[in-house]
Amino acid sequence: MYSQVVVNVPVLYDRVFTYQGEAPLGSLVQVPFGNSARAALVVGHSPTTDIPDEIKCLGKTLYAGAVWLSSELLSLAEELAHFYLCPRGAIIDLMLPVPFAAKEVSGLKRVKRAPVRLEETLTRHAPAQLMPEQIEAIEQVKQALTNGHAKPHLLYGVTGSGKTEVYLNAISIALSQGKQAIYLVPEIALTPQVIANVVHRFGEQVGVLHSGLSSGERARAWQKVLSGESQVVVGARSAVFAPTARLGLIIMDEEHEQSYRHEGGVNYHTRVVAQLRARQQGGVLLMGSATPSLEAYSSAERGGTKLLQLTARPHGTNLPEVNIVDMREELRQGLSGLLSSPLRQAVALGLQAGEQALLLFNRRGYAQMSLCRDCGHIPTCPHCDVSLRFHAGVRLLKCHYCGYSMRALGECPRCRGQQVHNRGAGTEKLAEELRALFPDFLFTRLDADTAARKGAHQKLLTEFGRQDSHILLGTKMIAKGLDFPRVTVAGVVDADSGMYYPDFRAVEESFALLMQVAGRSGRGTARGRVFIQTYNPEHYCLRLLEKHDYSGFYKVESSLRRKLSYPPFGGLATLCFRGRDQRRVLEAAQAVGELCASSGAIVALGPVAEAPARVKDIYRYQLTLKAKNRKTLQELLAGLRVRITDLCSSSARWYIILE
Ligand code: ADP
Ligand code: ZN
């Protein structure tokens with residue numbers, strides 16, 4: 001008997017190697033490879049082989065021959081490697097719950113499940129009666145589940161319209177049909193309430209896969225899914241690979257979220273993987289959002305996806321009133337802090353009435369940069385091309401890319417000048433202002449700094465949920481999925497930096513984020529009020545947001561996108577080049593650019609340095625390739641990748657992000 005195996009060596013792309021001997025499909029084995037032993041995953045068996053060379057034997061089996069990947073996942077890996085032009089071994093590495101290494105991780109057997117203390121974050125329980133639109137959506141999903149092999153479904157429902165109830169009911173139906181369900185959330189740490197709801201509803205049948213698990217816990221949770229003991233899997237994007245043999249339903253909550261995009265050696269979008277899996281196993285993909293991605297909504301427009309809608313909030317409360325605050329006017333009237341007068345007044349009124357407020361400022365730290373007014377020096381990171389950010393509480397200048405930090409002594413490190421000026425505020429500075437403005441009230445700051453310690457994130461949210469504090473302020477961590485009924489005022493300190501970020505999806509992302517923040521207010525009985533501060537009040541993103549007009553936004557944004565042939569209306573690939581020697585990385589990228597441009601049918605732009613151009617001492621360049629459609633790019637790059645690897649040789653590591 002012969003076994004076909006895949007090893008994790010990127011330049012081998014899709015190659016499969018044959019060895020003599022047999023080990024279970026989907027198990028890990030050691031194999032002699034070159035002059036060392038490597039881990040390999042068994043992907044096939046055959047009684048004979050036509051390979052003429054002498055064939056080596058499999059080495060020892062790892063984890064006693066335990067099966068990690070089902071045959072469905074093995075063919076999914078093959079399909080994805082082809083679709084995204086990435087090495088099959090690298091995809092398998094992402095799928096595996098244990099390291100793809102020739103040595104076993106010990107201690108997998110002795111695992112204790114950490115007690116889940118989610119009850120505290122649970123805000124409400126199942127509602128007594130579903131709304132007609134919810135019933136209709138559930139009915140549609142039920143039909144799809146019963147018939148199998150359905151189109152993807154998109155649940156487009158305004159914030160607070162009760163999408164979660166639809167998901168939970170859909171899961172119940174799948175379970176009653178003896179099928180498993182995967183419930184995907186954008187980031188597990190940011191959505192404790194969702195997990196609490198699922199665990200509360202389905203108890204012991206739920207397996208949670210998240211990055212906080214140790215190898216042992218992860219492996220055990222994985223095996224429970226494989227054995228069918230866990231019927232419902234909740235997790236972030238990697239849970240889309242959960243080994244559910246009887247997969248009936250995949251839920252993708254907040255489908256538009258950027259965290260569903262995986263970047264690095266392998267680049268995939270969870271929506272695409274979920275769609276492939278659902279098709280492969282005859283399951284239903286149910287995506288949900290208040291601001292669907294252009295990809296999902298345009299597919300619904302074309303009829304490739306079934307659209308389900310929730311147009312109102314169940315309590316009959318109106319959507320919040322959105323106020324766009326013109327900061328140019330505020331400045332003329334002598335604005336002195338981060339908060340405009342309308343926002344300040346609304347917060348004050350709300351707090352006096354015993355309500356809560358939520359303030360988004362999508363930058364952490366105290367200041368963006370420190371400038372010496374004597375000599376002009378701006379401290380930068382020695383390893384990255386960025387200025388260091390001032391953190392007042394710990395008196396440190398920190399790099400937000402590599403974590404480098406240095407003491408901030410209040411004087412210029414170059415000329416010893418005393419006039420160090422901190423420019424551009426962050427959450428820490430906002431907290432300081434709030435303390436001065438509302439001395440009688442307490443607040444909770446939630447950002448990567450305050451949430452760094454294990455369990456801190458949960459603790460901070462619980463504190464706010466119990467109304468131990470009155471204002472929740474923070475980065476976009478506070479914008480997602482939270483359901484605090486006493487929040488009536490939501491504010492966005494700076495809407496401009498997001499909208500003008502140099503990325504073709506920047507406006508789409510801003511619209512979604514602002515809508516999410518707005519949706520955090522007025523979820524109880526009192527109507528919410530939202531204040532969005534900007535120096536560009538006439539921007540279409542804000543004008544349409546003011547009217548909660550997602551479909552208007554979709555129209556404008558999709559026509560702009562179509563005009564420029566950006567996805568989903570054209571093919572786009574980014575080739576990323578990484579290396580320590582700046583000149584050699586750039587030269588390699590240039591050579592590849594010329595090669596691609598000479599192939600016709602595509603436009604090659606660049607190479608350009610990425611922002612920042614250097615991170616952790618690695619230089620970063622990228623080429624952008626555009627073509628009429630995705631297929632053209634995929635075929636072209638599939639044909640060129642061996643030559644591209646040759647051109648890069650030892651100068652640069654490279655990978656493809658194919659949209
Ligand atoms: P979404 O995910 O659409 O933003 P949620 O699922 O968080 O909204 O629901 C918002 C709130 O409405 C939750 O507190 C939920 O318990 C409540 N809710 C959902 N469905 C109903 C219903 N049929 N009747 C009353 N309340 C409901
Ligand atoms: Zn750095």
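Does Cys384 count as buried or exposed, and what is its relative accessibility? In this predicted model, Cys384 has a relative accessibility of 1%. Buried means under 20%, so Cys384 counts as buried. Cys399 reaches 3% relative accessibility and counts as buried on the basis of that value.

Both cysteines belong to a metal site. The zinc ion (ligand 2) is coordinated by the SG atoms of Cys381, Cys384, Cys399 and Cys402. The distances run from 2.3 to 2.4 Å. Angles among the 4 donor atoms are 108 to 112°, and the site of the zinc ion (ligand 2) is tetrahedral. Ideal angles for four tetrahedral donors are 109.5 degrees. Along the chain, the donor residues follow the spacing C-x2-C-x14-C-x2-C. Cys384 sits in the loop between β16 (367–372) and β17 (389–391). Cys399 sits in the loop between β18 (396–398) and β19 (405–407). The pair therefore ties together parts that are 15 residues apart in sequence.

A further buried residue is Ala479. This residue lies in the loop between β22 (471–474) and β23 (487–492). Its relative accessibility is 0%, so Ala479 counts as buried. Beyond its neighbours within four places in sequence, Ala479 is in contact with Leu513, Gln516, Val517 and Arg520. Arg520 is 41 residues from Ala479 in sequence. In space, the C-alpha atoms of Ala479 and Arg520 are 7.1 Å apart.

Helix α17 covers residues 582–597. At 1.5 Å a residue, its 16 residues should span 22 Å. The C-alpha atoms at the ends of α17 are 22 Å apart, which agrees with that expectation. The buried residues of α17 are Val585, Ala588, Ala589, Val592, Gly593, Leu595 and Cys596. These residues cover an arc of only 165° around the axis, and they therefore lie on the same side of α17. Asp581 caps the N-terminal end of α17. A side-chain oxygen of Asp581 lies 3.2 Å from the backbone nitrogen of Arg583.

Conventions:
Residues are numbered from 1 along each chain as its sequence is written. Chains are lettered from A and ligands numbered from 1 in the order in which they are written. This is a predicted model: local features need pLDDT of at least 70, side-chain atom pairs count only at pLDDT 80 or more; totals for chains, interfaces and linings use all residues. Side-chain values use heavy atoms; hydrogens and water are left out. Helices (H or I, at least four residues) and strands (E, at least two) are DSSP runs, numbered from the N terminus. The expected span of a helix is 1.5 Å times one less than its number of residues. Buried means under 20% relative accessible area, exposed over 50%, partly exposed in between (1.4 Å probe, protein chains only). The arc is that of the directions from the helix axis to the C-beta atoms. A polar contact is a pair of N or O atoms within 3.5 Å; within protein, one must be able to donate a hydrogen and the other to accept it, and residues adjacent in sequence count only if both atoms are side-chain atoms. Donors are N, O and S atoms within 2.8 Å of the metal (3.2 Å for Na, K and Ca); water is not among the atoms, so sites may look incomplete. Four donors count as tetrahedral if all angles lie between 85 and 135 degrees; four count as square planar and six as octahedral if opposite donors are over 155 degrees apart and all others between 65 and 115; anything else is irregular. Contact means heavy atoms within 4.5 Å.
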